[in-house]
Structure formats: C-alpha cells, structure tokens
Amino acid sequence: MKLYYAPGACSLAAHIILNEINVDFDLERVDLKTHKTEKGTDYYEINPKGYVPALEINPGLILTENVAILPFLAQHDPKQDLIPPSGMGRAKVLEWLGYLNSELHDAYAVFFGAPMDEEAKKKAYAEIDRLLSYIDKAIGGSDNDYLVDDNFGPADAYLFVLTNWSNHIEHDLTPYKNIIHIRNKVAERQSVQIAMRDEGLIP
Ligand SMILES: N[C@@H](CCC(=O)N[C@@H](CS)C(=O)NCC(=O)O)C(=O)O
C-alpha cells in the first residue's frame, strides 16, 4: 500500500492507522501548493480531487476520503479491535468520522484557505469552539475511554489530528479537558509518535 500525504494534514490520521495495523506501506509526500508529489508526479493523476489522503491499495486501485480510508485500514486485522466489524459499534465509529469530517474538519479548514479579516476569524473561532464544546460534553457524558468504546480507533486518531491544528491557528484547546484527556492518550501511542516523526513534525 502507499499513502499520499502532506505533513501534519488530515492524512496523518491514515498514517497513524497504517502504523497500527502492521502492514508494509510506502509514503509519498504531496506538495499541496504545486500538486506535485515528491517524485515529481502530477498529483491530479493520482487523485483528480487534488487533496490528500489518497491510499493506493494496489497499483491503479486508489481509495480517497478519510471516511472511507480510515475504516478500511482499521478493519484490516479484526483481532486488533480498532473498529467493530458490524452493528451499532461500527455505526458509532462512522457517526463520529462523519461529524469530524463534515463539521470539525471544515471549521478548521477555513483558516488554511483565503486570508480572513478579524470579523471572519472571530466567527471561525466561535464555530470551532461550538463544535469542540459538543465533542467535549459528549466524551464527558460517556463512560468510554475513547470516543466510541474503550478501544482506541480511527475516530480518535482523526480527532487528534484535527485538534493538533489548534496549535497552528492560535486557538486555545485548554477548556476542553475531556478532549485533552483523549489527545494525551493518543499522543503516547507508538503509532502516533512514529507517524509524526516520519512526517517531520517532531524530532
Ligand atoms: N473530503 C476530503 C478532504 C481532504 C482534505 O481536505 N485534505 C486537505 C488536507 S487536510 C488538502 O489536501 N487540501 C489541499 C487541497 O484541497 O488542494 C477527505 O476527507 O479526505
């Protein structure tokens, strides 16, 4: 398998899960400004949508979209319990992935687009805070160790990656104690440390 990624982008979540599942995989970095890969390939030829992540499963077989890639990788070895194989447990993982992808990801993404004036920034911070407040409350109201159950899974990896972006946009995460609690556990995982090191995010 090969993951097309950009350092610290949402593709880091797939990178983390690839490290969890013990498969051989390659990485190919994509420059999101030029849409060229580190090998000089026009990235639109790999993923016509132009964004990361893209997962090459076999030569010519490409999977895109976080909500498809993350469950696909997580189900690789059912013994690892990264995602329930079926039923409500799996539906709950997809519920979180959908929410993170369509709501929180988009709320952060506006900071990486066209420059915003102060008024627009204020609204964008307020939207992130609204979503994080919901997530923090949902975690606090459950007995689970992680977002869905007591096992780390793809939704936790995705939440970790998205909330890392608070560092880049001068957004304060400290009010969100339950999110921070999950983030701290996720950050300690070897899969996360290795992925962040391999993407050049930590020494
Ligand atoms: N719907 C896509 C969105 C992916 C996405 O927004 N990727 C960003 C990085 S986090 C990107 O590559 N942006 C550059 C671009 O759109 O050209 C998914 O969930 O996989």
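Two residues are said to be in contact when heavy atoms of each lie within 4.5 Å. By this criterion, and leaving aside neighbours within four places in sequence, tyrosine 5 is in contact with Ser11, Leu27, Glu28, Arg29, Val30, Val52, Asp198 and Glu199. The structure is a predicted model, in which local features need pLDDT of at least 70 and side-chain atom pairs count only at pLDDT 80 or more, while totals for chains, interfaces and linings use all residues. Residues are numbered from 1 along each chain as its sequence is written, and side-chain values use heavy atoms, with hydrogens and water left out.

The C-alpha trace spans about 45 × 45 × 35 Å along its principal axes. Among contacts with a separation of 6 or more, 64% are between residues 24 or more positions apart.

Of the 203 residues, 44% count as buried. Tyrosine 5, which is placed in strand 1, is buried at 5% relative accessibility. The C-alpha atom of tyrosine 5 is separated by 21 Å from that of glutamine 75, a residue 70 positions away along the chain.

The packing of two helices was examined next. Axes are lines fitted to C-alpha atoms, for helices over the stretch in contact, and angles run from 0 to 180 degrees between N-to-C directions. Helix 1 (residues 11–20) packs against helix 3 (residues 66–74) at an angle of about 5 degrees, and the two axes are 9 Å apart. Helix 1 is therefore roughly parallel to helix 3, a term applied to angles under 35 degrees, with angles over 145 counted as roughly antiparallel, 65 to 115 as roughly perpendicular and the rest as oblique. At this contact, Ala13, Ala14, Ile17 and Leu18 of helix 1 meet Ile69, Leu70, Leu73 and Ala74 of helix 3. The residues involved comprise 8 nonpolar, no polar and no charged. In this classification Ala, Val, Leu, Ile, Met, Phe, Trp, Tyr, Cys and Pro are nonpolar, Asp, Glu, Lys and Arg are charged, and the others, Gly among them, are polar.

Side chains of opposite charge can pair when their charged atoms come close. A salt bridge is defined as a side-chain nitrogen of Lys or Arg within 4 Å of a carboxyl oxygen of Asp or Glu, and 9 salt bridges are counted by this rule. One of them joins lysine 2 and glutamate 28, with an N to O distance of 2.6 Å. This pair links distant parts of the chain, since lysine 2 lies in strand 1 (residues 2–5) and glutamate 28 in strand 2 (residues 26–31), 26 residues apart. Both partners are buried, lysine 2 at 12% relative accessibility and glutamate 28 at 2%. A second salt bridge joins lysine 92 and glutamate 95, whose closest N and O atoms are 3.0 Å apart. These two residues lie 3 residues apart in helix 4 (residues 87–109), about one turn of the helix. Lysine 92 is partly exposed at 37%, as is glutamate 95 at 45%.

Local backbone geometry was also considered. Most residues other than glycine have a negative phi, and most peptide bonds are trans. Histidine 35, however, has a positive phi near 55 degrees; this residue lies in the loop between strand 2 and strand 3 (36–37) and is buried at 17% relative accessibility. Glutamate 170 likewise has a positive phi, near 55 degrees, and is found in the loop between helix 6 (154–164) and helix 7 (177–188). Glutamate 170 is exposed, with a relative accessible area of 75%. A cis peptide bond, with omega of about 5 degrees, joins valine 52 and proline 53. Proline 53 is located in the loop between helix 2 (43–46) and strand 4 (54–58).

Notes:
Helices (H or I, at least four residues) and strands (E, at least two) are DSSP runs, numbered from the N terminus. Buried means under 20% relative accessible area, exposed over 50%, partly exposed in between (1.4 Å probe, protein chains only).
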